[in-house]
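Here is a short briefing for a reader who is new to this structure. Look through the sequence and the model first, then take the topics in turn.

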Amino acid sequence: MKTLALFIALTLTAIFGYSQDKSETLTITVKVDNPLNDNGHVLIGLHTVDTFMKGQGVQNAKEKVKDGQIIVTFENVTPGDYAIMVLHDENDNQRMDLEVNGMPKESYGMSNNPMLYGPPTFTDAKFELTEDKEVVIRF
């Protein structure tokens, strides 16, 4: 009888131990609903303060414009502070093209949709991720 009780206790402990997610991860859905055309791809980067404006994000996506919009989902994201940067890479050269005066030739946007007259900072675009989130970005 003691063996049966021990077996049941260990089985229940194992079941409940595996059913609890010890490292919570969340989902971020990014929507861009105003691309100017269907050319090229849209590059989307999920950034932390350490990766913002320094290249690739902690997660990245590349999508074609479909039905006048882009929807991308980043999964398995740990809670914390993030920013999203979006670039419509119309000529598919994997970078932002600039005019001779330094102004961007291609559409871009970021989380919080700040209106800036200069390079963005992480603070301009950051949001705190504490639950699944939908972020709408406008070019």
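Two strands count as paired if DSSP finds at least two bridges between them. In this predicted model, Val 32 has such a bridge partner in strand E8, namely Ile 137.

- Strand E1 covers residues 26-32, and five of its seven residues are buried.
- E1 is therefore largely enclosed by the rest of the structure.
- E1 pairs with strand E4, residues 70-77, in the antiparallel sense.
- Six bridges make up the pairing of E1 with E4.
- Within that pairing, Leu 26 has Val 77 of E4 as its bridge partner.
- E1 also runs parallel to strand E8, residues 133-137, and five bridges join the two.
- In a regular strand the side chains alternate between the two faces of the sheet.

**Confidence**

- The protein has a mean pLDDT of 88.
- Of its residues, 84% reach a pLDDT of 70 or more.
- Which element has the lowest mean pLDDT, and which the highest?
- Helix H1, residues 2-19, has the lowest, at 54.
- Strand E7, residues 127-129, has the highest, at 98.

**The aromatic pair**

- The structure holds one aromatic pair.
- Phe 52 lies in the loop between strand E2 (41-47) and strand E3 (59-63), while Phe 122 belongs to helix H2 (residues 122-125).
- The pair therefore ties together parts that are 70 residues apart in sequence.
- Phe 52 is buried, because its relative accessible area of 6% is under 20%.
- Phe 122 is buried too, with a relative accessible area of 12%.

**Salt bridges**

- The structure holds four salt bridges. Three of them, including the one between Asp 33 and Arg 138, are described here.
- Side chains of opposite charge can pair when their charged atoms come close.
- Asp 33 and Arg 138 form a salt bridge, with their closest N and O atoms 2.9 Å apart.
- Asp 33 sits in the loop between E1 and E2, and Arg 138 in the segment after E8, so this pair ties together parts that are 105 residues apart in sequence.
- Asp 33 counts as partly exposed, at 39% relative accessibility.
- Arg 138 counts as partly exposed as well, at 45%.
- Glu 63 and Lys 66 meet through their side chains in another salt bridge, at 3.8 Å from N to O.
- Glu 63 is partly exposed at 26% relative accessibility, whereas Lys 66 is exposed at 51%.
- Why does Lys 66 count as exposed? Its relative accessible area of 51% is over 50%.

**Around Asp 97**

- Asp 97 is found in the loop between strand E5 (80-89) and strand E6 (108-110).
- Asp 97 is buried, with a relative accessible area of 12%.
- Its side chain meets that of Arg 95 in a salt bridge, at 3.5 Å from N to O.
- The side chain of Asp 97 also makes a polar contact with the side chain of Asn 93, at 2.8 Å.
- Which residues does Asp 97 contact, leaving aside its neighbours within four places in sequence?
- They are Asn 91, Met 103, Pro 104, Lys 105 and Glu 106.

How values were computed: Residues numbered from 1 in each chain as written. Predicted model: local features only at pLDDT ≥ 70, side-chain atom pairs only at ≥ 80, totals over all residues. Heavy atoms only, no water. Buried < 20%, exposed > 50% of the residue type's maximum accessible area, 1.4 Å probe, protein only. Helix = DSSP H or I, 4+ residues; strand = E, 2+ residues; numbered from the N terminus. Phe/Tyr/Trp six-rings, centres within 6.5 Å; stacked < 30°, edge-to-face > 60°. pLDDT = per-residue confidence, 0-100. Polar contact = N/O pair within 3.5 Å; in protein donor to acceptor, adjacent residues only side chain to side chain. Contact = heavy atoms within 4.5 Å.
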